[in-house]
Amino acid sequence: MSIRIATLTIDELQVGKEEAFEQAIVEADIDDFAKVSGDISPVHMDAAFARTCGFKGRVVHGGLLTALVSRLIGVYLPGRNCLWQSCQIGFVAPAYAGMTVRVAGVVNQVSVAVQYLGHSDFAAIGTWQSYSWLFEGSR
């Protein structure tokens, strides 16, 4: 993986600054996240079970999607000079293997005086036969 980490400082950030990236989600991502997290709920691990619950297949872990927000903040906006401290996320639709997820964020508050980048809103849209809103939140 050859990704360049942003090195934006608080002085370089302005309200309205946006960044985004896309990530294809594959079955192995779900398996790997289950190994790391220990979350082996059948809704994530067993497609047949997930379908009996009304889903199209194995549901991607919300924690895996949240990890993509961590990448957005720690790599792209603002990158190296940031430590994510809190967030609020609402999941509004399931994600499935085979989706390409676009994670986007926009800065809507900057305080140079206290070195604070606030309420950088973020959202993810997944593509899998059509577009759907997956989650949204703020930090």
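This is a predicted model: local features need pLDDT of at least 70, side-chain atom pairs count only at pLDDT 80 or more; totals for chains, interfaces and linings use all residues.

Residues are numbered from 1 along each chain as its sequence is written, and side-chain values use heavy atoms, leaving out hydrogens and water.

- Helices (H or I, at least four residues) and strands (E, at least two) are DSSP runs, numbered from the N terminus.
- Helix α4 covers residues 62-76 and reaches 21 Å from its first C-alpha to its last, close to the expected 21 Å, which is 1.5 Å times one less than its number of residues.
- Its buried residues (under 20% relative accessible area, 1.4 Å probe, protein chains only) include L65, L68, L72 and Y76.
- P78 sits in the loop between α4 and β2, and the peptide bond from L77 to P78 is cis, with omega near 10°.

**Strands β1 and β3**
- β1 (residues 18-24) and β3 run antiparallel, joined by seven bridges; strands pair if DSSP finds at least two bridges between them.
- A20 stands opposite A104 in β3.

**One aromatic pair**
- Rings of Phe, Tyr and Trp (its six-membered ring) pair if their centres lie within 6.5 Å; planes under 30 degrees apart count as stacked, over 60 as edge-to-face and the rest as tilted.
- The count comes to one aromatic pair.
- The ring centres of F21 and Y76 are 5.2 Å apart and their planes are at 25°, so the pair is stacked.
- This pair links distant parts of the chain, with F21 in strand β1 and Y76 in helix α4, 55 residues apart.

How values were computed: Buried means under 20% relative accessible area, exposed over 50%, partly exposed in between (1.4 Å probe, protein chains only).
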